[in-house]
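Please read it alongside the sequence and coordinates.

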Amino acid sequence: MTALIERDVAVLICSRGREDLLGRLLEDLGGGFLPALAAGGIGAAVVVYAQGYGPEALERLARRFGPGAGENLILVPAGRPHARIGDVVRTAAEGLHARLRYRLAMLMDDDSTYEARPATDANLRRAAQTFLERGHRAYSIKLGPEETLRIGPFVDPDGPIMPFKEKMMWVSRPVLDAVLAQPRFAELSIGEDAVVAALAWLAEPRACLAVHGIGGFLHLGFEAPADAAGGELPGGYGELMGYAGPSADTPHGKYDAALRHGVTPHHVMPDVFVGEDHPHYIYNGIRPEVLDRLRAGGLLG
C-alpha cells in the first residue's frame, strides 16, 4: 500500500474535458496560490479528478503546473463514466482520501482563476490559518474582487438559503467523511455543494462561516476577465447533463433538466431543504423549523 501524502490543505478539483481552463488554473495554483499558503507555513497539494482526459492531455497538464510539481499535483483519471454530479464528487473524494492525509479540503471549480497579489495572498493565508487554528468545519468563499477580508454567518438569517460553492468551499476532513457516509449523495443531479454545506453546518453551525474579501478570485462563468472569450463555457456540468445550449424550453439553462427531473438536495435531505412548492426550492432553501430549532438551542448566535 502506498503511503499517504501529508499536507495541511488539499485542493480538490473535479474537471470534465476542459484542458485549457484547467491548465490555466493549475498555472495559477502553482505560481501563486500554493506559494502564498507555503509562505504562511501551510503545506498544500492539488488533486484533480479528471474526466474525459487521455494520457497525453494529463501529461500536458502536469507540465503546465510547473517543473518539479511532484507530490504537489496528483491527477486522478476517472475509471468509469458518470451521469450525476453527486457521483463525480463522491468518487473524487474517495480518490483524495486514498492519496492524501489533510486537515482542510478546498473544493474548487476548474473554470476559476487566482490572481496573485500581496493583499490577496495575505488574505488567503489569514483565512486558511484561521480555519486550521480554530478547527472550523466549513467556509463558503464568496465571489468578488474585494480585498478587505470579512468573516460572517454561513447562513443569512434574513434569507435562509444554504450556501453553495460560489468560488470554492473549504471543509474539514470530518465533513468530507460525512459526505461519503451520506447514503444518497451519489444520486444528486444538482446541488451537491449545498448538501456538503448542510452536512457541515447542521453538526456545528458556529464553526461554519462565510468569507468575503479574499480578493483576486474569478469564476469565468460569472466574472470573466478581459482576456477571456464570452459565451458559455464548454465541458463541465453542462456536458455531464447533456445540455445543448439555451432555449425557451430550458429557463434554468444547464440546470434545467436536473431541477425538473433529477435528484436535488430536497430529495436527499427532505427534513432540511424546502420542497418543490416553495419559492426557495431552486436555491436550496432551509426549512424554517430547522432554523427555529437551532435558534432555540442558541446555535446561531
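1. In this predicted model, Asp193 makes contact with Pro163, Phe164, Lys165 and Met169, leaving out residues up to four places away in sequence. Asp193 belongs to helix H6, which spans residues 192-203. The relative accessible area of Asp193 is 16%; because buried residues are those under 20%, Asp193 counts as buried.

2. As general background, nonpolar side chains in soluble globular proteins tend to be buried together.

3. Which residues surround Leu100, neighbours within four places in sequence aside? Leu100 is in contact with Leu4, Ile5, Ala10, Ala45, Val47, Ile74 and Arg173.

4. The next points concern helix pairs. Two packed helices are described by the angle between their axes and the distance between the axes. Helix H1 (residues 19-38) packs against helix H2 (residues 55-65) with the axes 8 Å apart and at an angle of about 25°. H1 is therefore roughly parallel to H2, since angles under 35 degrees are classed in that way. The crossing in which H1 passes H2 is right-handed.

5. On the H1 side, the contact with H2 is made by Glu19, Asp20, Leu22, Gly23, Arg24, Leu26, Glu27, Leu29, Gly30 and Leu34. H2 contributes Ala57, Arg60, Leu61, Arg64 and Phe65. By class, the residues of this contact of H1 with H2 comprise seven nonpolar, six charged and two polar.

6. Helix H4 (residues 118-134) is a further partner of H1: the two axes cross at roughly 55° and come within 9 Å. This angle makes H1 oblique to H4. The crossing of H1 and H4 is right-handed.

7. What residues of H1 meet H4? They are Gly32, Phe33, Ala36 and Leu37, which face Asp121, Leu124, Arg125 and Ala128 in H4. The contact of H1 with H4 divides into five nonpolar, two charged and one polar residue.

Notes. Residues numbered from 1 in each chain as written. Predicted model: local features only at pLDDT ≥ 70, side-chain atom pairs only at ≥ 80, totals over all residues. Heavy atoms only, no water. Helix = DSSP H or I, 4+ residues; strand = E, 2+ residues; numbered from the N terminus. Buried < 20%, exposed > 50% of the residue type's maximum accessible area, 1.4 Å probe, protein only. Contact = heavy atoms within 4.5 Å. Axes fitted to C-alpha atoms, helices over the stretch in contact; angles between N-to-C directions. Parallel < 35°, antiparallel > 145°, perpendicular 65-115°, else oblique. Left-handed = near helix turned anticlockwise from the far one by under 90°. Nonpolar A, V, L, I, M, F, W, Y, C, P; charged D, E, K, R; others polar.
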